[in-house]
Amino acid sequence: MYKDITSYSRGDIEKKTRVLQNEANGIVFRVHKHIYYGNQWLLSCDELNVDKMSLDTDNMEIAKEKGRLKMIELLNRKAEEYKKAADSLL
């Protein structure tokens with residue numbers, strides 16, 4: 001479940017969501033915007049060393065779904081890497 005963690009100024013008349021955070025079993029990731037990327041939504045996850053990966057959309061709902069699917073892909077890839085590393089020690 002995504003949570004809006006955008007920091008709003010008191011003077012903001014129109015409160016537009018810019019940062020959504022989600023968590024998968026303790027692994028936190030964000031779908032967000034950045035000033036240098038215009039209206040494009042991005043994916044960032046410190047745990048996986050992902051920083052401002054483009055989700056190729058300016059639609060928040062599409063970005064949320066793309067972010068979720070990309071995280072599944074990245075987590076599966078990382079799990080496979082760890083499995084191979086563990087197997088190499090046997």
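Contact is taken here to mean heavy atoms within 4.5 Å. On this criterion, and leaving aside neighbours within four places in sequence, Lys-15 is in contact with Tyr-8 and Ser-9 in the predicted model. Lys-15 itself belongs to the loop between β1 and β2 (19–24). Between the C-alpha atoms of Lys-15 and Asp-56 there is a separation of 23 Å, the two residues being 41 residues apart along the chain.

The largest nonpolar core has 14 residues, of which Val-31, Leu-43, Cys-45 and Met-71 touch the most other members. At least two residues of this core are supplied by each of β3, β4 and α1 (60–88). When residues up to four places away in sequence are not counted, Met-71 touches Ile-27, Phe-29, Leu-43, Cys-45 and Leu-48. In soluble globular proteins, nonpolar side chains tend to be buried together.

On the surface, a nonpolar patch is formed by Ile-35, Tyr-36 and Tyr-37, which together have about 440 Å² of accessible area. Tyr-37 is located in the loop between β3 and β4 (42–45). With a relative accessible area of 37%, Tyr-37 is classed as partly exposed.

Backbone geometry was considered last. Most residues other than glycine have a negative phi. Asn-49, however, has a positive phi, near 55°. This residue is placed in the loop between β4 and β5 (50–54) and is exposed, its relative accessible area being 71%. A positive phi near 55° is also found at Asp-56, which lies in the loop between β5 and α1. Asp-56 has a relative accessible area of 58%; because exposed means over 50%, this residue is assigned to the exposed class.

Key. Residues numbered from 1 in each chain as written. Predicted model: local features only at pLDDT ≥ 70, side-chain atom pairs only at ≥ 80, totals over all residues. Heavy atoms only, no water. Patch = residues over 30% accessible without salt bridge, like charges linked within 9 Å, V, L, I, M, F, W, Y side chains within 5 Å. Areas by Shrake-Rupley, 256 points an atom, 1.4 Å probe, with all protein chains shown as cover. Salt bridge = Lys/Arg side-chain N within 4 Å of Asp/Glu carboxyl O. Helix = DSSP H or I, 4+ residues; strand = E, 2+ residues; numbered from the N terminus. Buried < 20%, exposed > 50% of the residue type's maximum accessible area, 1.4 Å probe, protein only. Core = buried A, V, L, I, M, F, W, Y, C linked by side-chain atoms within 4.5 Å.
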